[in-house]
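I opened my notebook to look up a few things in this model.

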Amino acid sequence: MSVGIALYNTDGLTALNAYEIGEFIFDRLHINITTASYYKPLPNGDHTSQGITAKGLLKKLEQNNELQFGLYCIENNETIATFYHITKEFGSFYNLNMQYAHKIENQKQFMVELAKKVTEFIDFPYGISFELNDMFETYFYTEGEIFYSVYKYESPNTWNRETPGRFKGSARYKESMLRMIYKFNIINDRHLEIKLNNAISLRDWILSDTKHGELTKINNKLWLWSVDNNQLDHINKVCGEAGILISWREA
């Protein structure tokens, strides 16, 4: 299994800031940045990924602070971790995402620390962490490409239509809906005021029963909602039937 983490709508984050966040992640996981890449436009309007050293990338970022890039840890020809800074340059939308080939020790604390690190530079509204079969799948799930799903009761093609960039989506996940419910969800105060069935707020519903997960305050705007694996199906069903999940569908 591979762990995926995505922080959405990181508008305003410079590429140099993003590089510092990538360094923080790799240091926190006790691994090295062994190589890097940046996105290079092609004459037909498409783009490609160009390999480069980490030092070489830093020099490019000093010249172009909007550059999309990736950082990698490759050991014995195996990719252990990847980190990407994505902008709107090639039709996507602002986000940070990472993939890790192992479990993250004390991931709850890791998620809080990561969110705090990012908010040293910008405010962002939403983030998720999930697991899929491999790092390829976790990367494309972040973007909503190739129709990968975490759950059998998930409709994957609804996510990319919700995102800005080339899909020009309304991005309701910033405040009024959630993509799905995952083991770790970074949400904001507006999410917590969402009403389930026009009745109880999401905040009050979570706090009404320990089986509904745990809220950890990150700062004055963000919270980490942590959910036990054995409760994910039930919580997705409740929230999905209440109409607050973008990608929910009946199994």
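A helix here is a DSSP run of at least four residues, and helices are numbered from the N terminus. I note that the model is predicted.

**Entry 1: a residue in H4.** I looked up Thr138 and found it in helix H4, residues 135-143. Is Thr138 buried or exposed? Its relative accessibility is 0%, so Thr138 counts as buried. I then listed its contacts, leaving out residues up to four places away in sequence. Thr138 touches Ser2, Val3, Gly4, Gln99, Phe130 and Leu132.

**Entry 2: Val3 and its strands.** Val3 stands opposite Tyr100 in S6. I checked how strand S1 (residues 2-8) joins strand S6 (residues 95-100). They run antiparallel, and 6 bridges link them.

**Entry 3: the sheet.** I traced 10 strands in an open sheet with antiparallel pairing. The order is S3-S2-S4-S5-S6-S1-S7-S8-S12-S11. Which strands are at the edges? They are S3 and strand S11 (214-217), and each pairs on one side only. From one strand to the next, the twist averages 20°. H2 packs on this sheet and touches S2, S3 and S4. The direction of H2 makes about 40° with that of S2.

**Entry 4: the two faces of H2.** Helix H2 covers residues 54-63, and I found Ala54, Gly56, Leu57 and Leu61 buried there. Why are they on the same side of H2? They are because they cover an arc of only 155° around the axis. These buried residues pack against helix H1 (15-28) as well as strands S2 (35-41), S3 (47-52) and S4 (69-75). The face turned away from the buried side carries the exposed residues Lys55, Lys59, Glu62 and Gln63.

Terms used: Residues numbered from 1 in each chain as written. Predicted model: local features only at pLDDT ≥ 70, side-chain atom pairs only at ≥ 80, totals over all residues. Heavy atoms only, no water. Buried < 20%, exposed > 50% of the residue type's maximum accessible area, 1.4 Å probe, protein only. Arc of directions from axis to C-beta. Contact = heavy atoms within 4.5 Å. Pairing = 2+ DSSP bridges. Axes fitted to C-alpha atoms, helices over the stretch in contact; angles between N-to-C directions.
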